[in-house]
Amino acid sequence: MKKTTVDFKQMKENHKPIVMVTAYDAPAASLSEAAGVDTILVGDSLGMVVLGYDSTVPVSMEDMIHHTKAVKRGARSTFIVTDMPFMSYHVSKMDTMINARRIIQESGADAVKLEGNGEVFDYTAALVKAGVPVVSHLGLTPQTVGVSGGYKVKGKTAEEQKQLVEDAGRAEKAGACMLVLECVPEEAAKRIQETVTIPVIGIGAGRFTDGQVLVYHDIVGYYGGHKPKFVKQYTDIQAPVQKAIEEYANEVRSHKFPQEGHVFSPLEKTEGLYGGSK
Ligand SMILES: Nc1nc(=O)c2c([nH]1)NC[C@@H]1CN(c3ccc(C(=O)N[C@@H](CCC(=O)O)C(=O)O)cc3)CN21
Ligand SMILES: CC(C)C(=O)C(=O)O
Ligand SMILES: [Mg+2]
């Protein structure tokens with residue numbers, strides 16, 4: 001059964017860790033659902049991980065819709081959160097509502113995730129009022145890397161920590177159903193986890209959050225880019241995949257592939273190219 005926002009809140013209350021993983025396509029979604037994760041995030045990290053951009057900034061609404069639809073087809077029974085891409089929730093409240101509608105109604109996501117504070121909380125409140133579940137994303141917010149000057153840990157100073165705790169409270173007050181906290185010191189994450197009643201999902205936020213999220217390709221070792229300190233890679237599929245492609249290439253070049261078992265028999269014996277019986 002697909003979980004609901006109420007289930008996630010209960011998991012927090014019952015101290016049951018919430019497992020979130022990103023997925024960008026149907027097979028990754030299907031494997032994640034089969035593995036029994038609680039929720040899937042169609043993160044705008046897909047821009048870096050599968051589209052080859054060097055940040056999440058170029059990711060478009062069309063990209064997020066396209067990938068959300070694929071994830072939905074692969075995981076029909078899992079709660080799907082989709083990132084609203086850069087500049088899709090900043091221009092105006094109306095623009096935000098229209099873009100969220102496309103992600104929820106057109107693509108089939110169960111919730112949208114919005115990075116940042118300030119006005120974003122007003123838009124969050126408007127979305128929630130309209131019935132759209134919203135996940136808030138605080139701490140390191142990759143979409144604003146252009147103004148913050150890099151992927152840095154947030155909440156290292158007392159002042160930054162105070163701001164984070166306040167913002168977490170504002171996110172809750174705006175009606176967010178969950179909070180993703182990225183790259184903050186463990187003590188700050190713990191304080192926030194204790195302060196708000198909504199589930200806090202950490203990435204690089206230590207051991208005391210209500211759940212964890214990691215990027216699918218980081219878990220399985222299928223991303224060649226920078227590996228942040230908080231990543232634990234559970235397997236490495238890059239090397240065996242490359243080896244398989246090399247073997248295939250070698251076998252084509254040395255006429256070892258295809259062999260008899262991969263070849264169709266003459267047409268008169270199989271009664272047509274597709275083996276039909278007409
Ligand atoms: N593959 C992948 N995994 C991710 O977790 C991820 C993405 N891509 N793309 C979108 C954002 C960007 N993320 C990042 C990227 C880099 C750092 C990073 O370099 N962090 C430094 C900390 C620097 C400091 O100490 O202030 C690190 O060493 O981990 C962190 C998060 C997390 N997200
Ligand atoms: C890293 C997670 C939280 C995210 O926002 C993404 O994958 O885009
Ligand atoms: Mg994101």
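Reader: Where does aspartate 44 lie relative to E2 and H3?

Author: In this predicted model, aspartate 44 sits in the loop between E2 and H3.

Reader: How do I decide whether aspartate 44 counts as buried or exposed?

Author: The general idea is to count C-beta atoms around the residue, with 20 or more others within 10 Å taken as buried. Aspartate 44 has 31 C-beta neighbours inside 10 Å and therefore counts as buried. Serine 45, with 22 other C-beta atoms within 10 Å, is buried, and aspartate 83, with 30, is buried too.

Reader: Which residues is aspartate 44 in contact with, once its neighbours within four places in sequence are left aside?

Author: Aspartate 44 is in contact with Thr56, Val59, Met64, Asp83 and Pro85.

Reader: Which residues surround ligand 2, and how does its shell divide by class?

Author: A shell is read first by its members and then by their classes. Ligand 2 is surrounded by twelve named positions, among them Asp44, Ser45 and Asp83, together with others including Thr22, His137, Val180 and Glu182. By class, this shell has five nonpolar, four polar and three charged residues.

Reader: How many residues surround ligand 1, and which are the closest?

Author: There are 18 residues around ligand 1, and the closest are Ser45, Tyr151, Val215, Pro228 and Lys229. Ser45 and Val215 are also in the shell around ligand 2. H3 and helix H10 (216–220) each supply at least two residues of the shell around ligand 1, whose residues divide into ten nonpolar, five polar and three charged.

Reader: Which residues touch the most other members of the largest nonpolar core?

Author: In soluble globular proteins, nonpolar side chains tend to be buried together. Here the largest nonpolar core has 67 residues, and Ile40, Val112 and Leu179 touch the most other members. Leaving out residues up to four places away in sequence, leucine 179 touches Ser136, Leu138, Ala168, Ala171, Val196, Ile198, Val200 and Ile201.

Reader: What are the domains of the protein chain, and what separates their centres?

Author: The chain is divided into domain 1 (5–236) and domain 2 (240–270), with 43 Å between their centres, taken over C-alpha atoms. Along the principal axes, the C-alpha atoms of the chain fill a box of roughly 75 × 40 × 40 Å. The secondary structure comes to twelve helices and eight strands, and 41% of the 278 residues count as buried. Among contacts between residues at least 6 apart in sequence, 57% join residues at least 24 apart.

Definitions and conventions. Residues are numbered from 1 along each chain as its sequence is written. Chains are lettered from A and ligands numbered from 1 in the order in which they are written. This is a predicted model: local features need pLDDT of at least 70, side-chain atom pairs count only at pLDDT 80 or more; totals for chains, interfaces and linings use all residues. A nonpolar core is a set of buried Ala, Val, Leu, Ile, Met, Phe, Trp, Tyr and Cys residues joined through C-beta atoms within 7 Å. A residue is buried if 20 or more other C-beta atoms lie within 10 Å of its own, exposed if 12 or fewer, and partly exposed in between; C-beta atoms are placed from the backbone. Two residues are in contact if their C-beta atoms, placed from the backbone, lie within 7 Å. A residue is near a molecule or strand if its C-beta atom, placed from the backbone, lies within 6 Å of it. Ala, Val, Leu, Ile, Met, Phe, Trp, Tyr, Cys and Pro count as nonpolar, Asp, Glu, Lys and Arg as charged, and the others, Gly among them, as polar. Domain bounds come from an automatic or database domain assignment. Helices (H or I, at least four residues) and strands (E, at least two) are DSSP runs, numbered from the N terminus.
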